[in-house]
Amino acid sequence: MDANKVIEIQPVINSTRSHSPRVLILGGTSEASEIAAQLAARDDLTLISSFAGRVSEPRRPMGIVRIGGFGGVVGLMSYLVDENIDVVIDATHPFASKISDNAELACNTLGVPLIALERPPWEPEDCDHWRAAADVLAAASMANHKGNRVFLTIGRQELGAFSNCEDAWFLVRAIDQPNEKLPTNSKLILKRGPFHLEDELQMFRNESISLVVSKNSGGTAIYSKIDAARALRIPIVMIDRPRKHNIPTVAHVDDVLRELERLL
Ligand code: NAP
């Protein structure tokens, strides 16, 4: 995987097609919304944004929206055929690896061009105190020590990895109510980003946070927690990304739009 490498997909869109190009965006990220917003004004293509349905009230982008899984690779392939999709843009979150696997396999099998966006990971600065965790379970055991007051922001799906942590205290932030059992000593905040640095600093101070646990999501929307930890010299357990793509990826929304233009 090389985020800087130029994508090498050949334009295979059928020039005899009778419809304007139909573009499917696999979304759930701010970049996916941005791509949809940038393409919304175009009347020479049809845009469909797809969400998994994890968030109760997703911010709906412009264009057509569909919500819910496709039913694995086979379901996705059927959808691409039934909906006459000409190009797929995978703009899903760096930790959403299953949908990307499915998209690669489905597009490769059908010969549908796939543009894969993977935003660059965050990098520590010299003054940062980061410890890398291979996954959420590793992060849980690194965080669960007496006296730790942990700010835990990993979304709600994998919070179960922390449910048996009884030694540390946790401030858990998620968008929607988690289904998983929370750690015994914890407080839950339900809030959607972006978050401002001043608010993060105040929250860290008010709650005497001594450790942050975060996925290495990258991007700017929730970076203020990293800035706040840096300013207050709070260490971070940073969870590594899973392997996501086997094809070359692009790193920015502009690259996606350029590549789409080339394909169309
Ligand atoms: P995942 O593990 O890669 O996908 C699990 C299943 O959810 C997929 O097999 C697919 O179901 C369905 N799915 C995922 N993204 C979809 C989409 N955009 N449209 C339709 N179906 C989708 O994904 P995840 O980690 O559960 O994340 C779910 C969604 O939340 C993603 O769209 C992602 O961009 C967003 N998100 C994830 C995180 C995170 O930390 N994981 C953070 C922020 C946002 P079928 O097999 O039935 O098609």
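Reader: How many bridges join strand β1 to β2?

Author: Let's start with the strands, which are DSSP runs of E at least two residues long, numbered from the N terminus. β1 covers residues 22–26 and runs parallel to β2; strands count as paired if DSSP finds at least two bridges between them. One example is V23, whose bridge partner in β2 is L47. The number of bridges joining β1 to β2 is five.

Reader: What is the handedness of the crossover from β1 to β2?

Author: On the way, the chain passes through helix α1, residues 30–39; a helix here is a DSSP run of H or I with at least four residues. Point the strands away from you, and a path that runs clockwise from the first strand over the helix to the second is called right-handed. This β-α-β crossover is right-handed.

Reader: How many residues of β2 are buried?

Author: Buried means under 20% relative accessible area, with a 1.4 Å probe and protein chains only. β2 has six residues and is mostly covered. The buried count is five.

Reader: Which element gives the most to the shell around the ligand?

Author: By the way, this is a predicted model, where local features need pLDDT of at least 70, side-chain atom pairs need 80 or more, and totals for chains, interfaces and linings use all residues. Residues are numbered from 1 along each chain as its sequence is written, and side-chain values use heavy atoms, without hydrogens and water. β2 (46–51) and α3 (97–110) each supply at least two shell residues. With four residues, the top contributor is α3.

Key:
Buried < 20%, exposed > 50% of the residue type's maximum accessible area, 1.4 Å probe, protein only.
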